[in-house]
Amino acid sequence: MRISVIGTGYLGAVHAVGMAELGYSVVGIDVDADKVAALSRGEAPFYEPGLDELLATHVAAGNVSFTTDFAAAADADVHFVCVGTPQRRDGLAADMSYVEGAVDALAPYLTKPCLVVGKSTVPVGTAAALADRLLKTAPAGADAELAWNPEFLREGFAVQDTLHPDRLVFGVTSAEAEATLREVYSRTIAAGTPVVVSDLPTAELVKVSANAFLATKISFINAMAEIAEVADADVTKLADALGHDARIGRKFLNAGIGFGGGCLPKDIRAFMARAGELGASHALAFLAEVDAINLRRRQRVVDLTRELVGGNIANKRVAVLGAAFKPHSDDVRDSPALNVAGQLYLQGARVSVYDPKAIPNARKIFPTLPYAESALDACRGAHVVLHLTEWPEFRALDPVSLADVVETPVVIDGRNCLDADAWRAAGWTYRGLGRP
């Protein structure tokens, strides 16, 4: 079986390499010539643990190749559509132009029976519209069938999630399409991964529903952090107690500066927009507050920073540890850390940002921000240190040694994961979010 992957961004590049690892001959296609060139050299254009090694191995072996020529997909049996669906500039809805463009570019080369499989996160109803689009434009007509197989990748664990997913969802309209997807994922299924077979709309809803649930859980504990702060309670102990309830669980109950990245924020907004289009806006009205709570956490860190430096942030030196939206990633899309750093900088603070992987991408988003070469350099002479991305190297910092390089030993733990007792014992003023 030969596979094509349309779009070689974060999702597409990982999926292409994953399919090669599963034993298939794969071609990845993208309109970005620079990205294709890098991938063809065996170099991933973004940071993802474990990807570089697999990519280099399979490029060298000839199992996966990359091109800008859609004609290279002509002899593939299965085509995975993996392009982005960013938020539209003029509203909350998803921008579907990339998905539609990918399908339109692929369609003329679909001259034989094949399966086109959407993996992008899309508004419910998209698959049916694309199926109709293929029927009208692909030479194979009805023999170019469409299915939906949503992705559930976690940045930092994407290779693992591709090769060993916790579930597979097949949105199909025929037994033949299901059989093809079962063949594609035969090794994964044999290893015990459960499969849920559904219609197209249900498969489309799975990813956005999962993201909405996770976003709600994160914003819930952050709302509890707001209560904890005014009640002099400890939200981390509260989360531990709640987490022992099997109906709730401890995962995603970590209060802090909230979620970011290229998925959760834009996906819940697009979900709300689509519900409105379908006449069911009331069903997702709660997501507006989920979004608002999340954004409030960033402002809380800005306000707390101002408070801890005496009420005026101008000319105060602020060390920001973290630029990526999460550890083990160089993704700065809608990053809470970079947003806080930018707000403080624009308000006159002398900011210094350090991140182990994300500085090149951060420079593209906010080129005027000062960036440091190390955590130590970022903290030198600082009046306050902000811990905003949970990188292991930040958790491993020695508060005793670090106290010698800052101007005043004040730290805001925006991820509530530093050892508060150890930092206080070293002479630091420690402030978490929702903690006494």
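Reply: A crossing is left-handed if the near helix is turned anticlockwise from the far one by less than a right angle, and right-handed if clockwise. Helix 11 passes helix 12 in such a left-handed crossing; helices here are DSSP runs of H or I with at least four residues, numbered from the N terminus. The model is predicted, with local features needing pLDDT of at least 70 and side-chain atom pairs pLDDT 80 or more, while totals for chains, interfaces and linings use all residues. Residues are numbered from 1 along each chain as its sequence is written, and side-chain values use heavy atoms, without hydrogens or water.

The axes of helix 11 and helix 12 (residues 286-308) lie 10 Å apart, at an angle of about 155°. That makes the two helices roughly antiparallel, a word used for angles over 145 degrees. Axes are lines fitted to C-alpha atoms over the stretch in contact, and angles run from 0 to 180 degrees between N-to-C directions.

On the helix 11 side, the contact (heavy atoms within 4.5 Å) takes in Ile 268, Arg 269, Phe 271 and Met 272; helix 12 meets them with Leu 287, Ala 288, Val 290, Asp 291 and Leu 295. Seven residues of this contact are nonpolar, none polar and two charged. Asp, Glu, Lys and Arg count as charged, Ala, Val, Leu, Ile, Met, Phe, Trp, Tyr, Cys and Pro as nonpolar, and the others as polar.

A cavity is a set of points on a 1 Å grid where a 1.4 Å probe fits but cannot get out; a pocket is an open set with protein on both sides within 12 Å along at least five of seven lines; lining residues have an atom within 4 Å of a point. Volumes are the space filled by probe spheres on the points, which are joined across faces, edges and corners.

The largest cavity holds about 90 Å³. It is lined by 14 residues, and those closest to its centre are Val 122, Pro 123, Val 124, Val 208 and Phe 271. Helix 9 (200-231) and helix 11 (264-277) each give two or more residues to this lining, and helix 11 gives the most, five. The lining comprises eight nonpolar, two polar and four charged residues.

The second largest pocket, of about 200 Å³, has a lining to which helix 5 (126-137) and helix 11 each supply at least two residues. Helix 5 gives the most, four. Among the 15 lining residues, Met 96, Glu 100, Pro 123, Thr 126 and Ala 129 lie nearest the pocket centre.

Methods. Parallel < 35°, antiparallel > 145°, perpendicular 65-115°, else oblique.
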